[in-house]
Amino acid sequence: MLNSFFKEFIRNWREVGSIVPSSNFLIKKMLKTIDFKRAKIIVEFGPGSGCMTKELLKKMNSDSKLIVFESNNNFCRRIKNIDDSRITIFNESALNLKKHLNKQRPNYIISGIPLANLSESDKKNLLLSSYDALIPEGRFIQFQYSIESLNNLKNTFDDVSIDFTILNIPPAFVFSCLKK
Ligand SMILES: C[S@@+](CC[C@H](N)C(=O)[O-])C[C@H]1O[C@@H](n2cnc3c(N)ncnc32)[C@H](O)[C@@H]1O
């Protein structure tokens with residue numbers, strides 16, 4: 001797993017953004033602010049090799065849905081091996097969120113996309129379309145290796161709380177962003 005992740009990084013560092021999958025410590029912090037009892041629809045951007053996807057599916061209700069956007073073909077192929085009827089996978093950019101949600105409104109959007117590697121306009125579009133899609137009191141939860149995109153998050157969402165773990169390669173910030 002580690003090896004194939006590194007290969008994808010070498011092929012396209014800008015898209016993949018990391019040389020290894022997230023650690024269990026980071027995954028725990030990413031999922032900490034999710035109320036799984038009430039989460040009917042969860043969206044995941046950039047699942048990579050699926051470490052957070054699998055943990056989400058473990059914790060989700062049996063009648064909840066997970067909608068996944070992964071732009072990398074090889075990662076997407078791996079995610080498609082997950083045998084669970086609650087998951088829907090799009091081998092597309094998360095920028096196409098609106099096109100596929102129709103009238104569905106997610107309670108949570110979990111993102112591992114390297115925001116710092118997106119153009120300013122793609123970053124703004126991604127955050128705005130996520131904000132629009134979420135239900136009121138919904139959350140956009142993003143990890144990043146720096147606070148470079150914090151202002152974008154603060155300018156889009158109504159409240160942003162910040163967590164941090166040193167126990168990841170590299171150490172990472174978790175931003176849990178509320179739509180009121
Ligand atoms: C840092 S990796 C995180 C992978 C995994 N979530 C983890 O925590 O180990 C970033 C992931 O985002 C994906 N990605 C990058 N840009 C994307 C986009 N615009 N839409 C969907 N996925 C994207 C990459 O292909 C990669 O799988």
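The radius of gyration used here is taken over C-alpha atoms, and the globule rule is 2.2 Å times the number of residues to the power 0.38. For 180 residues, that rule puts a compact globule near 16 Å. The protein chain has 15 Å, so it agrees with the rule. The model is predicted.

## Overall build

The C-alpha atoms fill a box of roughly 40 × 35 × 30 Å along the principal axes. The secondary structure comes to 8 helices and 7 strands. Of the 180 residues, 49% count as buried. Contacts over sequence distance are counted from a separation of 6 or more; residues 24 or more positions apart account for 67% of these.

## The largest pocket

The largest pocket has a volume of about 660 Å³. Its lining has 40 residues, and those closest to the centre are Glu 15, Val 16, Gly 112, Ile 113 and Pro 114. By class, the lining holds 21 nonpolar, 14 polar and 5 charged residues.

Which elements each supply at least two residues of this lining? They are α2, β1 (41-45), α4 (51-59), β4 (108-111) and β5 (139-144). Helix α2 gives the most, with 3 residues.

## Helix α7

Helix α7 covers residues 120-133, 14 residues in total. From first C-alpha to last, α7 reaches 20 Å. That is close to the 20 Å expected at 1.5 Å a residue.

The buried residues of α7 are Lys 123, Leu 126, Leu 127, Ser 129, Ser 130, Tyr 131 and Ala 133. What do they pack against? Their partners are β1, α6 (97-101), β4, β5 and α8 (150-156). Among these partners, β1, β4 and β5 also supply residues to the lining of the largest pocket.

Leu 56 sits in helix α4. Its relative accessible area is 0%, so Leu 56 is buried. Setting aside residues up to four places away in sequence, Leu 56 touches Leu 31, Ile 34, Phe 36, Ile 42, Glu 44, Leu 66 and Ile 110. Leu 56 and Ile 27 are 29 residues apart in sequence, and their C-alpha atoms are 9.4 Å apart in space.

Cys 51 also lies in helix α4. Is Cys 51 buried, exposed or partly exposed? Cys 51 is partly exposed, because its relative accessible area is 21% and the buried class needs a value under 20%. With residues up to four places away left out, Cys 51 touches Pro 21, Ser 22 and Ile 27. The C-alpha atoms of Cys 51 and Gln 104 are separated by 25 Å. Along the chain, these two residues are 53 residues apart.

## Loop residues

Ser 23 lies in the loop between α2 (13-16) and α3 (24-31). Ser 23 is buried, because its relative accessible area is 18%, under the 20% cut-off. Leaving aside neighbours within four places in sequence, Ser 23 is in contact with Leu 167 and Asn 168.

Pro 170 is in the loop between β6 (159-165) and β7 (172-178). The peptide bond from Ile 169 to Pro 170 is cis. Its omega is near -10°.

Two other loop residues have positive phi. Asn 102 has phi near 50°, in a residue other than glycine. Asn 102 lies in the loop between α6 and β4. Glu 137 has a positive phi of about 75°, and it is not a glycine either. Glu 137 lies in the loop between α7 and β5. Where do these two stand on accessibility: buried or exposed? Asn 102 counts as exposed, because its relative accessibility is 65% and the exposed class starts over 50%. Glu 137 is exposed as well, with a relative accessible area of 52%.

The table sets out the accessibility of the single residues discussed here.

| Residue | Relative accessible area | Class |
|---|---|---|
| Ser 23 | 18% | buried |
| Cys 51 | 21% | partly exposed |
| Leu 56 | 0% | buried |
| Asn 102 | 65% | exposed |
| Glu 137 | 52% | exposed |

Key:
Residues are numbered from 1 along each chain as its sequence is written. This is a predicted model: local features need pLDDT of at least 70, side-chain atom pairs count only at pLDDT 80 or more; totals for chains, interfaces and linings use all residues. Side-chain values use heavy atoms; hydrogens and water are left out. Helices (H or I, at least four residues) and strands (E, at least two) are DSSP runs, numbered from the N terminus. Buried means under 20% relative accessible area, exposed over 50%, partly exposed in between (1.4 Å probe, protein chains only). Contact means heavy atoms within 4.5 Å. On a 1 Å grid over the protein atoms alone, a cavity is a set of points where a 1.4 Å probe fits but cannot get out, and a pocket is an open set with protein on both sides within 12 Å along at least five of seven lines; lining residues have an atom within 4 Å of a point. Grid points are joined across faces, edges and corners, and a volume is the space filled by probe spheres set on the points. Ala, Val, Leu, Ile, Met, Phe, Trp, Tyr, Cys and Pro count as nonpolar, Asp, Glu, Lys and Arg as charged, and the others, Gly among them, as polar. The expected span of a helix is 1.5 Å times one less than its number of residues.
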